[in-house]
Amino acid sequence: MEYKYRLREAVILASGYGRRMRRTKDSPSKPMIPIGDKPLISYIIDLLIGSGIEKIYVVHHSVTSDVRDLLTYHAHYTNYLEFIEEKEQKGTLLSFSRVKHMVSPPFLLAFEDIIADQDDFRDMLNIGLQSIGTDTDLVIQTVRQPSLLSERAFLTKEGRIVRYEKNGITGEISGIQEKKYGGMISLWLASPFPLMDSYLSMKNYRLSSFLEEYIPTHTVSEMPIHDMWDIDTPEAAAMTKELLKRRGGGNGCIKL
């Protein structure tokens with residue numbers, strides 16, 4: 001199917017210190033921790049490049065400035081990456097706002113610690129692209145049962161996301177609703193920045209809090225994927241290395 005618009009831009013948030021992952025001050029930052037045969041952040045970069053993304057903005061802080069070393073080890077990244085260093089790191093929403101004058105919808109937002117299969121990732125994006133030209137404001141990645149469980153959970157209803165909670169869905173779920181995990185990739189079809197500026201003016205810097213309020217008042221769809229997870233603990237890193245070995249993911253992608 002041909003779409004009127006093509007996805008060309010993506011943003012990766014890579015400013016977090018990653019205290020649970022960083023054993024000493026001299027250790028690599030979380031995005032640069034080796035997983036298998038390459039740094040953690042390379043997995044999402046390669047997924048994006050392999051899906052046709054032409055420009056990737058990497059937002060980082062001084063504590064994760066070693067992400068710039070990616071250009072030393074992966075020369076072809078020079079054609080795709082632009083680094084944006086923020087002077088203060090207060091939260092993911094503020095980090096996201098750093099690109100408001102650089103991107104325009106449609107664009108992808110991703111976290112730096114994502115693992116997925118390339119073909120599965122492309123299929124997910126193709127589902128998301130079907131929402132371009134509709135009344136949809138945002139399309140969020142979901143997964144029913146990831147190999148490593150995430151805290152971020154959603155309630156979906158007939159392809160729409162109706163509720164989000166960072167620490168998991170609690171309370172009753174009706175028969176026509178389904179609980180899913182995800183939120184690691186989002187496709188923005190309408191600009192969030194005007195509303196985001198208002199939110200930041202109230203000194204709320206968390207993207208999760210922003211989404212909790214954004215989703216009920218906007219049209220938000222899901223783009224399901226068979227498997228995707230994030231790595232935010234040493235245990236998750238160790239389990240991912242084992243999964244890569246078992247599933248033949250030597251090229252940096254999990255094989256389904």
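User: Hi! Which residue in strand 6 does isoleucine 12 stand opposite?
Analyst: Isoleucine 12 stands opposite alanine 110 there. Strands here are DSSP runs of E with at least two residues, and helices are runs of H or I with at least four, numbered from the N terminus. This is a predicted model, where local features need pLDDT of at least 70, side-chain atom pairs count only at pLDDT 80 or more, and totals for chains, interfaces and linings use all residues. Residues are numbered from 1 along each chain as its sequence is written, and side-chain values use heavy atoms, with hydrogens and water left out.

User: Which way do the side chains of strand 1 point?
Analyst: Glu9, Val11 and Leu13 point one way, while Ala10, Ile12 and Ala14 point the other way. All of them are buried, meaning under 20% relative accessible area with a 1.4 Å probe and protein chains only (exposed is over 50%, partly exposed in between).

User: Switching topic: what's the secondary structure of the chain?
Analyst: You'll find 7 helices and 13 strands.

User: How much of the chain is buried?
Analyst: Of its 256 residues, 54% are buried.

Terms used:
Pairing = 2+ DSSP bridges.
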